[in-house]
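The sequence and model are shown first.

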Amino acid sequence: MENPILVTGAAGRLGGVGRTITEVLLRRGLPVRALVRREDERSEALREMGAEVFVGDLTRAADVARALEGCRRMFFGMSVSAPYLEATVTTAAAARAAGDLEVLVNISQMTVSQMSLHDSTDSPQQRQHWLGEQVLNWSGLPVVHIRATVFLQHFFFSAWAAESIARDNTIRLPFGTARTSPVDSRDVAEVIAAILADPDGHISKVYELTGPRSQDMAAHAGEYAAALRRPINYVDVPFDEWREQQLDAHELPDHVYQHLLTMARLHAEGRYDRSTRDVEKILGRAATSTREYVADNLELFEP
């Protein structure tokens with residue numbers, strides 16, 4: 001390929017999907033143009049990998065149009081934020097104007113599979129993902145939707161779990177006995193990179209990405225224990241107590257706060273009890289398990 005693949009959100013923090021997509025594509029010898037919001041150590045790291053770095057704002061049509069110049073394939077994604085839908089519509093408009101896109105891979109959320117005009121959620125972010133998919137479908141662009149469930153890198157399963165594990169060898173969440181199947185964001189990135197590298201047969205498809213099995217938090221705690229080689233127990237915290245002690249303590253932006261609150265509530269209601277083999281279908285291997293993820297990130301979970 002001579003034309004660079006445009007990767008948006010390439011400097012994102014949580015999960016680092018854009019960054020990992022960039023890394024995987026470059027390792028395959030494919031040219032990448034990484035769109036970032038600002039110059040900093042993350043953009044410099046992308047440049048050192050071999051990516052062409054473009055600084056721009058996904059809510060500014062002129063920036064997106066310039067970033068797309070010469071690109072035939074692109075990944076769209078950005079961090080959880082209030083202007084997510086604006087960025088999606090702006091990207092669709094710029095991509096339509098370019099007129100020669102071969103594929104646009106859009107990262108969405110598993111909850112969208114359970115949403116409709118009459119069934120939504122209280123998360124403004126999830127509603128924007130649902131609307132964003134509608135806009136991209138109406139655009140007539142060659143779109144592939146990637147609906148990922150909650151990441152293993154999410155606060156629930158990584159940073160906040162690491163805090164309570166270090167404190168008293170527990171994972172404290174208000175999920176009750178409901179089951180969930182978190183997915184490794186690296187698996188998500190590798191699926192997206194595979195589609196960008198060879199989009200034939202994927203256009204207009206929807207892929208739902210989960211971990212290898214759906215299980216309750218007691219079983220997930222057992223996987224942490226196996227990886228860390230010591231007992232780890234799940235504590236089912238009353239919802240309001242968890243909200244006050246965990247969410248309120250971190251002083252999150254309201255958009256993010258409402259999103260995480262809704263995710264926790266939907267977990268308790270069993271809405272994340274989903275399991276697919278789409279990761280295996282695309283990558284030819286099983287999705288990363290909770291135990292494998294923890295074992296690969298011991299520096300995060302060891303006291």
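## Basis

The model is predicted, with local features requiring pLDDT of at least 70 and side-chain atom pairs counted only at pLDDT 80 or more, while totals for chains, interfaces and linings use all residues. Residues are numbered from 1 along each chain as its sequence is written, and side-chain values use heavy atoms, leaving out hydrogens and water.

Helices (H or I, at least four residues) and strands (E, at least two) are DSSP runs, numbered from the N terminus.

## Helix H10

Helix H10 spans residues 254-268, 15 residues in total, and reaches 21 Å from its first C-alpha to its last. This is close to the 21 Å expected at 1.5 Å a residue, where the expected span is 1.5 Å times one less than the number of residues. Just after H10, Gly270 has a positive phi of about 85°.

Because 11 of the 15 residues are buried, H10 is largely enclosed by the rest of the structure. Buried means under 20% relative accessible area, exposed over 50%, and partly exposed in between (1.4 Å probe, protein chains only). The buried residues include His255, His259 and His267, along with Tyr257 and Met263. Their cover includes strands E5 (103-109) and E8 (179-180) and helices H5 (124-139), H6 (159-168) and H9 (239-247); contact means heavy atoms within 4.5 Å.

## Two helix pairs

Axes are lines fitted to C-alpha atoms, for helices over the stretch in contact, and angles run from 0 to 180 degrees between N-to-C directions. Angles under 35 degrees count as roughly parallel, over 145 as roughly antiparallel, 65 to 115 as roughly perpendicular and the rest as oblique. H1 (residues 17-27) packs on H7 (residues 185-197) at about 50°, with the axes 8 Å apart, and the two are therefore oblique to each other. Among the residues in contact are Ile21 and Leu25 of H1 and Ala189 and Ile192 of H7.

For H4 (residues 84-98) and H5, the angle is about 15° and the axes are 9 Å apart, which makes H4 roughly parallel to H5. Residues that meet include Leu85, Val89 and Arg96 in H4 and Leu131, Val135 and Ser139 in H5.

## Glu2

Glu2 lies in the segment before strand E1 (5-7). Its relative accessibility is 80%, so Glu2 counts as exposed. Glu2 and Arg72 are 70 residues apart in sequence, and their C-alpha atoms are 9.9 Å apart in space.
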